[in-house]
Structures are given as structure tokens and as C-alpha cells.
Amino acid sequence: MAVAMSSTCPGLYCGRTNINDSLEGECGVCPRGQRTNFEKICEKCTGSPELYDWLYLGFMAMLPLVLHWFFIEWYSGKKSSSALFQHITALFECTAAAIVTLLLNDPVGSLYIRSCEEAVFPLYTIVLIYYAFCLVFMMLLRPLLVKKIACGLGKTDRFKSIYAALYFFPILTVLQAVGGGLLYYAFPYIILVLSLVTLAVYMSASEIQSFKNLVAKKKRLVVLFSHWLLHAYGIISISRLDKLGQDLPLLALVPGPALFYLLTARFTEPNRILSEGGNGH
């Protein structure tokens with residue numbers, strides 16, 4: 001009994017390494033991409049990420065892209081014609097970074113990734129690698145593009161969106177390194193809350209109070225549909241589509257916040273409230 005007890009490694013992630021069909025060394029942490037079996041022997045993970053895992057990776061991949069688009073729009077100005085090209089470039093940078101990250105991840109050269117059930121591999125490190133490639137591609141492509149086409153901006157303003165990325169990439173890296181586990185479980189609710197708040201702020205700042213104001217500019221419709229996609233993404237992430245018959249009808253709630261805002265905006269308009277208060281109503 002004593003021999004059997006001593007030959008079994010303690011803990012859930014402690015095991016012996018199997019090299020050339022022979023167990024070598026004492027009990028220790030399994031190498032990256034491996035976990036123990038029921039005999040406490042380290043084996044290579046051969047599982048596939050679940051839908052929720054892919055949705056989490058998609059969320060982490062969207063964060064730098066959305067931040068890129070926000071700061072490009074913020075610093076480009078209303079009359080600048082360079083914003084569209086910068087948006088496309090940012091999309092290309094993040095897409096290329098995602099493809100390169102998947103190709104370099106095990107198995108190398110394939111867009112398929114392996115995962116360990118009930119373990120963080122590869123959800124933790126793959127995000128950090130992706131952020132690194134996003135930063136590299138941005139530094140290689142964006143300065144040249146901005147220098148060529150951002151003629152309507154001053155010499156200092158044209159690079160501000162790049163400077164902003166040099167700030168938010170370290171912040172995203174720290175968030176993933178320190179709070180990756182919390183983000184994994186909370187990201188569906190983060191998507192819903194932020195998309196609702198930003199949509200309300202945008203419609204208020206753009207003074208959109210009716211359907212006529214909404215369709216007056218194509219850009220407003222693009223912003224609206226983008227937020228609807230985020231709403232749907234958050235709902236799918238929460239429900240995980242475990243029961244399609246019950247979960248798919250929830251997508252009908254996607255236009256709800258925008259419709260509610262348009263129907264009630266006229267009643268909460270500050271000037272109207274002040275005028276009615278002054279008239280004694």
C-alpha cells in the first residue's frame with residue numbers, strides 16, 4: 001500500500017512525463033499542452049475548444065480592433081477622408097495577427113488549435129501572443145499609411161490613434177495576465193453592458209431622436225448595426241445556444257434598446273423638460 005501511495009502523484013495537474021514509452025523523473029508539472037490522465041501520466045491534449053471558448057477568443061480579439069476604430073474616429077475629425085482607410089488597415093492588422101497566431105500555435109501550420117478540458121491551455125497565452133502580433137503589424141503598416149493619406153490633419157494629430165494604441169495594448173495585456181479568468185466568465189455581460197452604454201451615448205451625442213434622424217446618414221446605420229451585432233454576440237455567449245429552440249428567440253431582443261431609445265427620447269429631451277418646468281407644467 002505504501003508503494004502504491006508513493007507512486008501516485010498528488011494533485012490534479014501533477015504527473016510523470018512519458019518519454020519513449022518509459023516514465024522518467026519524479027512527479028512534477030506537466031509540460032505546456034499536456035495534462036495528467038487517470039494514471040497520473042502526462043498526456044498531450046487532443047481536445048477542441050468549445051463554442052464558449054471560441055466566443056471568448058473572439059471577444060479578446062475584438063477588443064483591440066474596436067479600440068483602434070474608436071481612436072481612429074476620435075482623432076480623424078469629421079472632414080478627414082483618411083478614417084476609412086485607417087479602419088480597413090486596422091481590420092487587416094488584427095486579422096493578419098489572428099491568422100499568424102493560429103498558424104504558430106500547436107499544431108503549427110494549422111488554423112486548428114488543441115485545448116485541454118478544464119484547463120486554461122491555450123486560452124491564456126494565445127491571447128498575449130495575438131496582442132504582440134497586433135502591435136507588430138500596427139507599427140509596420142499604420143505609420144506609413146497615415147503619413148501618406150492623413151493630409152487633412154496636423155503632423156501631431158495624424159499619429160494620435162497610433163499613440164493611443166501604445167497605451168491600450170499594455171493595458172489589455174495586463175488585464176489578460178492578471179484577470180484573464182474573470183474576463184473568461186464575465187465577457188458576455190461586459191459586451192452587453194458596454195454595447196448598450198456606447199449606443200446610448202452615441203445616439204445622444206448625435207442628437208438622434210427619431211427614425212428620420214437615424215437614417216439621415218449611412219454612418220449612423222453602420223454604427224447601429226455594429227452594436228446590434230455586439231448585442232447578438234453577447235446574447236449568444238450567455239446562452240451558449242445549448243437549447244436552440246429556447247435560445248434563438250432571444251435574438252429578437254437585439255433591436256429592443258435602440259427602439260426603446262427612439263420611442264422615449266422625445267420625453268427625456270432636456271430642453272423640453274426645462275421649458276415645461278418653466279411654464280409650470
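Reader: Why does glutamate 93 count as buried?

Author: This is a predicted model, and in it glutamate 93 has 1% relative accessibility. Buried means under 20% relative accessible area, so glutamate 93 counts as buried.

Reader: What makes the contact between arginine 142 and glutamate 93 a salt bridge?

Author: The N to O distance between the two side chains is 2.8 Å. The rule asks for a Lys or Arg side-chain nitrogen within 4 Å of a carboxyl oxygen of Asp or Glu, so this pair of side chains meets in a salt bridge. The pair links distant parts of the chain, with arginine 142 in helix H4 and glutamate 93 in helix H3, 49 residues apart.

Reader: Is arginine 142 buried or exposed, and how do you know?

Author: The relative accessible area of arginine 142 is 0%. The cut-off for buried is under 20%, so arginine 142 is buried.

Reader: How many salt bridges does the rule give?

Author: The count comes to 3 salt bridges. One of them joins glutamate 73 to lysine 219, with the closest N and O atoms 2.4 Å apart. Because glutamate 73 lies in helix H2 and lysine 219 in helix H7 (residues 218-239), the pair ties together parts that are 146 residues apart in sequence.

Reader: Why is lysine 219 called partly exposed?

Author: Partly exposed lies between the under 20% of buried and the over 50% of exposed. Lysine 219 has 46% relative accessibility, so it counts as partly exposed. Glutamate 73, with a relative accessible area of 31%, is partly exposed by that rule.

Reader: What are the classes of aspartate 106 and arginine 114?

Author: Aspartate 106 is partly exposed, with a relative accessible area of 26%, whereas arginine 114 is buried, at 8%. Their side chains meet in a salt bridge at 2.1 Å, N to O.

Reader: Why does phenylalanine 92 count as exposed?

Author: Exposed means over 50% relative accessible area. Phenylalanine 92 has 52% relative accessibility, so it counts as exposed. Phenylalanine 92 is found in helix H3. With Val136, Leu140 and Leu141, Phe92 makes a nonpolar surface patch of about 370 Å². H4 gives the most to this patch, with 3 residues.

Reader: Which residues have the most contacts inside the largest nonpolar core?

Author: They are Tyr56, Leu57, Met60, Tyr131 and Phe187, in a core of 31 residues. Helix H2 (51-76), helix H3 (83-104), helix H4 (125-149) and helix H5 (160-205) each supply at least two residues of this core. The largest share, 9 residues, comes from H5. Apart from this core lies another, of 7 residues, among them Ile208, Leu214, Leu224 and Leu262.

Reader: What is tyrosine 131 in contact with, leaving aside its neighbours within four places in sequence?

Author: Tyrosine 131 is in contact with Met60, Leu63, Pro64, Phe169, Leu172 and Thr173. Contact here means heavy atoms within 4.5 Å.

Reader: What makes asparagine 37 buried, and where is it found?

Author: Asparagine 37 is found in the loop between strand S3 (34-36) and strand S4 (41-44). At 17% relative accessibility, asparagine 37 falls under the 20% cut-off, so it counts as buried.

Reader: Which side chain makes a polar contact with the side chain of asparagine 37?

Author: The side chain of glutamate 43 makes that contact, at 2.9 Å, and the cut-off is 3.5 Å. A polar atom of the asparagine 37 side chain also lies 2.9 Å from the backbone nitrogen of isoleucine 41.

Notes:
Residues numbered from 1 in each chain as written. Predicted model: local features only at pLDDT ≥ 70, side-chain atom pairs only at ≥ 80, totals over all residues. Heavy atoms only, no water. Core = buried A, V, L, I, M, F, W, Y, C linked by side-chain atoms within 4.5 Å. Buried < 20%, exposed > 50% of the residue type's maximum accessible area, 1.4 Å probe, protein only. Helix = DSSP H or I, 4+ residues; strand = E, 2+ residues; numbered from the N terminus. Patch = residues over 30% accessible without salt bridge, like charges linked within 9 Å, V, L, I, M, F, W, Y side chains within 5 Å. Areas by Shrake-Rupley, 256 points an atom, 1.4 Å probe, with all protein chains shown as cover. Polar contact = N/O pair within 3.5 Å; in protein donor to acceptor, adjacent residues only side chain to side chain.
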